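Please look over the sequence and structure first, and then read on.

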Amino acid sequence: MSVLVVVGAQWGDEAKGKIVDLFAQRARYVVRYAGGSNAGHTVCVNGATYKFHLIPSGILHPNVIAVVGDGVVMDLRAFGIEAAALHEQGVDLSRLRIGRGVHLTMPYHRLLDELEEAQIEGRIGTTKRGIGPTYADKAWRIGVRVADLMERDRLAQRIQRVLQRRNPTIQRVYGAKPLNANELIEEFTHYAEQIRPYVCDVPHLLMQAAERSEPIVMEGAQGTLLDLDYGTYPYVTSSHPIAAGACLGTGIAPNRLTEIWGVAKAYTTRVGEGPFPTELTDEIGDRIRNRGREYGTTTGRARRVGWLDLVALRYAARVNGFTALAVTLLDVLSGFERLKVCVAYRYNDAQTREFIADAPALARCEPVYAELHGWREEIDHCRTLEELPTNARAYLNFIEEHISVPIRLVSVGPSREQTIQCS
Ligand code: GDP
Ligand code: IMO
Ligand code: MG
């Protein structure tokens, strides 16, 4: 293993949480490298369901040190709620570490995200968790970091400076109530004491671990097609979910990465606005949504559903350099007579196998489908490839051949055991 990255290969919610949980059994560190409380990772173990937004899902394993890398943005109000819920479920949080370079998602970030999303025009369909405004302040170099939080004077200075810029926007552009600096300073001084025991220098921690060849799992959030640069801009998140983001968000050098695992559903989902060539708005889509319980972990929104898009998946395989693929939720496709899989796009009267990340152009692409035979049987009890119906195996072979990446895991249900190891 050494350094293994788990990356969402589609538009998020590919079951990264479940796959990370499987690898975490053999890991010493599990590290979140990007995003914030926009993520929602569900892990089902021994009949219990755990929901993670900020805390790496590896925390469930007693040998794992769960690390929030510097590329993550952290909402401390949301963190408090999540930590309390996990504590209630008996999860030991003493093995948590939080990077000093982590940027804080402040109440004004969340407010600005909500105000912006309330506009009809240009709406992205964000999770309204303040993610875009937090990364914007980071790039504008007026962000507040965990390191600032550790010293009250520094915190006060940073908050005062940023509110001088953000309050006029809140008031004049959106007509909303400005935030009070002193109240924020008080609130965040309190949070500082709550998280102080967890704060550490993440790049140093992980560099040393990598030099000792201790097994590290990097837990991706969101998905490749939501990447700020390589996704369907502007309908993206504001961080780098791709494998390169694992290096940016942790301080681990690219030549240390040994395995890059893509996680893809056997079909496709998307939450929020933006082009989706294989989207199904008919009863087939409803059936997949119902079977797959496709409602968001974070916002509860119904996810948009469509056929598997191999043009997009092949792009994800190349952008990330997948060394292996985990195909999840294959059980959801049981009971369909025929299954469609998109193998090319028709764009400007020509056919292409290359993904088009430009959103307006992608919106004009027509999917070209291959049709495969479905299978009738439920497969959630299958534990080996041989137990799968022939047509389900043919479906997996078709994916593998098309994207030239070996499928090494297949998931046929939410729980740990409902997994097929292929190699
Ligand atoms: P993540 O954000 O990538 O971690 O994915 P989510 O947790 O948001 O969404 C995946 C959902 O599918 C969760 O509710 C999982 O419990 C569930 N799940 C995971 N693997 C499977 C599977 O193989 N089959 C089914 N039916 N559900 C699964
Ligand atoms: P996980 O880690 C699915 C989507 C939002 C929206 C866009 C921008 O559970 O896979 P943001 O709040 O990030 O500014 O919203 O990105 N999005 C996700 N979709 N899964 C996620 O996370 C997502 N995180 C953000 O719906 O379209
Ligand atoms: Mg999710």
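Which backbone N or O atom lies 2.8 Å from an oxygen atom of ligand 1, if one looks at Gly 17? A backbone N or O atom of Gly 17 itself lies at that distance, 2.8 Å, from an oxygen atom of ligand 1. This is a predicted model, in which local features need pLDDT of at least 70 and side-chain atom pairs count only at pLDDT 80 or more, while totals for chains, interfaces and linings use all residues. Residues are numbered from 1 along each chain as its sequence is written, chains are lettered from A and ligands numbered from 1 in the order in which they are written, and side-chain values use heavy atoms, with hydrogens and water left out.

**The two ligands**

Ligand 1 has 19 residues around it, of which Lys 16, Gly 40, Thr 42, Asp 331 and Ser 411 come nearest, where a residue is near if one of its heavy atoms lies within 4 Å. Around ligand 2 there are 20 residues, and the nearest are Asp 13, Lys 16, His 41, Thr 127 and Thr 237. The shell of ligand 2 divides into seven nonpolar, ten polar and three charged residues, where Ala, Val, Leu, Ile, Met, Phe, Trp, Tyr, Cys and Pro count as nonpolar, Asp, Glu, Lys and Arg as charged, and the others, Gly among them, as polar.

| Ligand | Residue and atom | Distance |
|---|---|---|
| Ligand 1 | Gly 40, backbone N or O | 2.8 Å |
| Ligand 1 | Leu 329, polar backbone atom | 3.1 Å |
| Ligand 2 | Lys 16, polar side-chain atom | 2.7 Å |
| Ligand 2 | Gly 125, backbone N or O | 3.4 Å |
| Ligand 2 | Arg 301, side-chain N or O | 3.0 Å |

About 40 Å³ of space lies in the largest cavity, a volume being the space filled by probe spheres set on the points. Its lining consists of Ala 9, Gln 10, Trp 11, Leu 225, Thr 268, Asp 309, Ala 312 and Leu 313, which divide into five nonpolar, two polar and one charged.

Definitions and conventions:
Polar contact = N/O pair within 3.5 Å; in protein donor to acceptor, adjacent residues only side chain to side chain. 1 Å grid on protein atoms, 1.4 Å probe; cavity = no way out; pocket = protein on both sides within 12 Å on 5 of 7 lines; lining within 4 Å.
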